[in-house]
Amino acid sequence: MDAKAQVLTIAGSDSGGGAGIQADLKTFQELGAFGCSAVTAVTAQNTQGVHGIYPMDRQAVKEQLDAIGTDFNIRALKTGMLFDAGIIEETAQGIKRYGWDRLVIDPVMIAKGGASLLQQEAVEAIKTLLVPLAAIITPNIPEAEVLSGIDITDDASRRNAAEAILSLGAEAVVIKGGHSTDPDVAEDFYLDQQGTVILLRSERLQTEQTHGTGCTFSAALTAELGKGKPVEEALFTAKEFIQAALAYPLNIGYGHGPTHHAAYKESIEKEVVHLVRESSDLFSNGYDKRRY
């Protein structure tokens, strides 16, 4: 095995440095993985919003993937902002061409400020071309609703949405809880094709320093999978990483500030995530509760 795990992000560039490939590469570095990148779009972006989007030509995406695929031993990869159906198709072809597995899909659709980062016709391309290749897909609640066609209003509808996403071909799904209405707890819901349920719970932090949370969580998951960690352990680390990044804000910018990617290593308090694992029925009482 290589001395350092090589991982890849296929995503858009954030000029503000808080999300996209910038967040991904920072996260990879913090978790001890070597990060490669293929840029799908350049954004003029800061903490206050997205001011311009300039997608790459799909040939440019192909050539980036070929450059990486012919020279690096990619052990895990993630996708972020893919913008349009052509880039999604090129990405899926590249993943199959080089036999890359351990694919984490962050189905980026809308920026924190409300700007659309995915063309409408691209949603179908994600569902049909990319999701079947995924080891894990990590939508937030609004993204999960779009992908599943189900309104998520409670635990039952959340599970129904997860099952609908799994029916598209992904090996596993994590529906993140940042958009839930629970005032105290942010709970992420994991479900895989074997019916394993994992709930990752953390204290809900009242902060606007949240730019790039989805990118960062999925990048942490990718780094850990690339290092050969089992899915459950990778999930714990990703949840701890993003919780620390939120708990110790940088307070940069005048809008939704970026998360603090170095906080995971710098923070003293690490016991920030509660785990609930249940292998069959989410609504039974046989939970194995552990704290990490």
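Let's start with Gln59, which is partly exposed at a relative accessible area of 38% (buried means under 20%, exposed over 50%, and partly exposed in between, with a 1.4 Å probe and protein chains only). This is a predicted model, in which local features need pLDDT of at least 70, side-chain atom pairs count only at pLDDT 80 or more, and totals for chains, interfaces and linings use all residues. Residues are numbered from 1 along each chain as its sequence is written, and side-chain values use heavy atoms, with hydrogens and water left out.

**Overall make-up**

- The protein has nine helices and 11 strands; these are DSSP runs numbered from the N terminus, with helices (H or I) of at least four residues and strands (E) of at least two.
- Of the 292 residues in the protein, 55% are buried.
- Taking contacts between residues at least 6 apart in sequence, 68% join residues at least 24 apart (contact means heavy atoms within 4.5 Å).

- Gln59 belongs to helix H2 (residues 58–69).
- The C-alpha atoms of Gln59 and Ile87 are separated by 8.8 Å, with the two residues 28 apart along the chain.
- Thr70 sits in the loop between H2 and strand S4 (74–79), and Thr70 is exposed, with a relative accessible area of 60%.
- A polar atom of the Thr70 side chain lies 2.8 Å from the backbone oxygen of Asp66, and the Thr70 side chain also reaches the backbone oxygen of Ala67 at 3.4 Å.
- Thr70 and Tyr98 are 28 residues apart along the chain, and their C-alpha atoms are separated by 8.3 Å.

**Two helix pairs**

- Helix H3 (residues 85–97) and H4 pack at an angle of about 15°, with their axes 8 Å apart; axes are lines fitted to C-alpha atoms, for helices over the stretch in contact, and angles run from 0 to 180 degrees between N-to-C directions.
- H3 and H4 are therefore roughly parallel to each other (angles under 35 degrees count as roughly parallel, over 145 as roughly antiparallel, 65 to 115 as roughly perpendicular, and the rest as oblique).
- On the H3 side the contact includes Ala85, Ile88 and Ala92, and on the H4 side it includes Ala122, Ala125 and Leu129.
- Helix H1 (residues 20–30) and H7 pack at an angle of about 40°, with their axes 8 Å apart, and they are therefore oblique to each other.
- Residues of H1 including Gly20, Ala23 and Thr27 meet residues of H7, among them Cys215, Ala219 and Ala223.

- In helix H5 (residues 141–148), the buried residues are Ile141, Glu143, Ala144, Leu147 and Ser148.
- These residues cover an arc of only 155° around the axis, which puts them on the same side of H5; the arc is that of the directions from the helix axis to the C-beta atoms.
- Among the elements covering the buried residues of H5 are helix H4 (120–130), strand S6 (136–137), helix H6 (155–166) and strand S7 (172–175).
- At the start of H5, a side-chain oxygen of Asn140 comes to within 2.9 Å of the backbone nitrogen of Glu143.

**A buried histidine**

- His211 lies in the loop between strand S9 (197–203) and helix H7 (213–226), and at 7% relative accessibility His211 counts as buried.
- The side chains of His211 and Asp14 are joined by a polar contact of 2.8 Å; a polar contact is a pair of N or O atoms within 3.5 Å, where within protein one must be able to donate a hydrogen and the other to accept it, and residues adjacent in sequence count only if both atoms are side-chain atoms.
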